[in-house]
Amino acid sequence: MDVIVIAVIIFFLAVIFSMLGLGGSLVYVPLFYWLGIDMLVAIPTALLLNGITSSSAAITYYRKKMIDLHMATPFVLASTIGAPIGAYFTKFVSVGTLLWILSVVLLLAGARMLLSGNKDSEGNNESVGRKKRFIIGICLGFVIGVFAGLLGLGGGVFIVPVLIALGYETKRASATSAFIVLFSSFSGFFGHLGTGHLDVTLMAYTALAAFIGGQVGSHLMHSKMKSKTIKQMFGVVLWIMAVKILSGLM
């Protein structure tokens, strides 16, 4: 398929995922595979786009003061440590078991997003002291990092529901998640640079599309989207992912 057409597809996906605080790698990898792109090229390209989409959105969210850096920082530090540990233990746990666990987690998280009602938390997290938030961020960030390493994910699908459960307003949770995810994404991408499995032309066009899409999506989320709508979109995405995984197991 023509690289311009692929870039257009990436643009629209980046718009959607940037609004949800996700990078989109869970969709980018299978998309490239279905388009006939070699998996060894698809994976680093998806990680790059994941990081660029998240970075583009995070720029907007940082300017709008929507990111909670006091919670994001320990999440970044702990998840960076937890991810390689989780990746190491993948050889001790069957893939089938991991996928069943992931699908159940996604179904439960999606149900919470879709069925939690219209009322959104506003500022409840501010009642939690910075020290307590740091400890919570370290503990949860490590667990999510391990889980993400086990399953090969960026972690955004876990971070947003966790932050909302902690009392974060949906938009603030998505914005903070975008900031956290960009670090794990670029870390994974740089790990693939030495492999030589890179399509520079594909990366250049799709990276530009992802950045522009991230800008459009983040501005739409900040000024146009309601928290309820974002929460419902996130829930639908989680359920689609869970169904896709379960269909492959059955």
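Helices are DSSP runs of H or I with at least four residues, numbered from the N terminus. This is a predicted model, in which local features need pLDDT of at least 70, side-chain atom pairs count only at pLDDT 80 or more, and totals for chains, interfaces and linings use all residues. Residues are numbered from 1 along each chain as its sequence is written, and side-chain values use heavy atoms, leaving out hydrogens and water.

Q: Where does Gly96 lie?
A: Gly96 sits in helix 5, which covers residues 95–115.

Q: Why is Gly96 called partly exposed?
A: Buried means under 20% relative accessible area and exposed means over 50%, with partly exposed in between (1.4 Å probe, protein chains only). Gly96 has 28% relative accessibility, so Gly96 counts as partly exposed.

Q: How many residues apart in sequence are Gly96 and Leu249?
A: They are 153 residues apart in sequence, yet 7.3 Å apart in space, C-alpha to C-alpha.

Q: At what angle do helix 3 and helix 9 pack?
A: Helix 3 (residues 39–63) and helix 9 (residues 200–223) pack at about 35 degrees, their axes 8 Å apart. Axes here are lines fitted to C-alpha atoms, for helices over the stretch in contact, and angles run from 0 to 180 degrees between N-to-C directions.

Q: Which residues make this contact?
A: With contact meaning heavy atoms within 4.5 Å, the residues include Leu48 and Ile52 of helix 3 and Ala207 and Phe211 of helix 9.

How values were computed: Helix = DSSP H or I, 4+ residues; strand = E, 2+ residues; numbered from the N terminus.
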